[in-house]
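Here is a short walk through one protein model. Keep the sequence and the 3D view side by side as you read.

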Amino acid sequence: MTASAPPSAPVIDLNADLGEGFGRWSLTDDDALLSVVTSANVACGFHAGDPSTMRRVCELAAERGVRIGAQVAYRDLAGFGRRSMDVPRRELADEVAYQIGALDVFARAAGSRVAYVKPHGALFSRTVHDEEQAAAVVEGTVLAAGGRPLPVLGLPGSRLLEAAEGAGLPAVAEAFADRAYSTDGTLVPRGRPGAVVEDPEEVVARSLLMAVDHRVATAEGEKITVRARSLCLHGDTPGAAALALLVREALIADGVALEPFA
């Protein structure tokens, strides 16, 4: 799934949220997206996903050489993990470890392992500024990793990445091709108009700007610096698979190497 380029070329990982279904309900086109991305953020059952879905996505990812990431979340199936919750630190750490461990069973059965951890939705947003919640995610990751230096994927400058570095875990910065940015480098909340960028040409242009020039245009029209090793496309965005393919092809055509970070 990697597309290598000369040593001087920009390098980026392309990730997407996958396995976001439950029972007979399916949201993400996992098969199509796994032919495009280099890393898969797999739902672990708290905001979406179930054992059979987790197993199937892990098998497909392993077959195609795609890295498997645990997308941990608040226990919020009804709200798709997009409602912030005040979960006590130790309890949240336990729930994060539980989710990682569950996914790793299926990853190992497929001949792979969970290669990194990424919070989903409200938990991702909360760990940008909340030290306690960020620390809980990292504690859960350390607990589940069993001594492995399991990378944590997060927003540049976030409390999450600071906590990961403090715990000796690789802290991997992530950018978003299909989300609007504020001038402080955070994502525009989903409830606001324009928070999700759906125009394919704009998403492709933003992806190239972030991967090559390390900049992104904010909702206010300014350009800010965004240095990231991984670029995310949300699997639940309309036409996500086709959009991801457009982004992949544009990056390769512009000389960007697509390589997983883990």
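**A buried glutamine, a loop leucine and a helix pair**

The side chains of Gln-71 and Asp-17 are joined by a polar contact of 3.1 Å. The model is predicted. Gln-71 sits in strand 5, which spans residues 67–72. Its relative accessibility is 1%, so Gln-71 counts as buried, the cut-off being under 20%. Which residues surround Gln-71, leaving aside its neighbours within four places in sequence? Gln-71 is in contact with Asp-17 and Glu-20, with Asn-41, Val-42, Ala-43, Cys-44 and His-47, and with Gln-99, Lys-118, Pro-119 and His-120.

Leu-169 is 126 residues from Ala-43 in sequence, and the C-alpha atoms of the two are 21 Å apart. Leu-169 belongs to the loop between helix 6 (159–166) and strand 8 (171–176). Its relative accessible area is 8%, so Leu-169 is buried. Not counting residues up to four places away in sequence, Leu-169 touches Val-138, Thr-141, Val-142, Arg-148, Pro-149, Leu-150, Val-152 and Ala-164.

Now turn to two helices. Helix 7 covers residues 200–213, and helix 8 covers residues 240–253. They pack at an angle of about 40 degrees, and their axes are 9 Å apart. Helix 7 and helix 8 are therefore oblique to each other. The crossing of helix 7 past helix 8 is right-handed. Helix 7 makes the contact through Pro-200, Val-203, Val-204, Ser-207, Leu-208 and Ala-211. Helix 8 contributes Leu-243, Leu-246, Val-247, Ala-250 and Leu-251. By class, this contact has ten nonpolar residues, one polar residue and no charged residues.

Technical notes. Residues numbered from 1 in each chain as written. Predicted model: local features only at pLDDT ≥ 70, side-chain atom pairs only at ≥ 80, totals over all residues. Heavy atoms only, no water. Axes fitted to C-alpha atoms, helices over the stretch in contact; angles between N-to-C directions. Helix = DSSP H or I, 4+ residues; strand = E, 2+ residues; numbered from the N terminus. Parallel < 35°, antiparallel > 145°, perpendicular 65-115°, else oblique. Left-handed = near helix turned anticlockwise from the far one by under 90°. Contact = heavy atoms within 4.5 Å. Nonpolar A, V, L, I, M, F, W, Y, C, P; charged D, E, K, R; others polar. Buried < 20%, exposed > 50% of the residue type's maximum accessible area, 1.4 Å probe, protein only. Polar contact = N/O pair within 3.5 Å; in protein donor to acceptor, adjacent residues only side chain to side chain.
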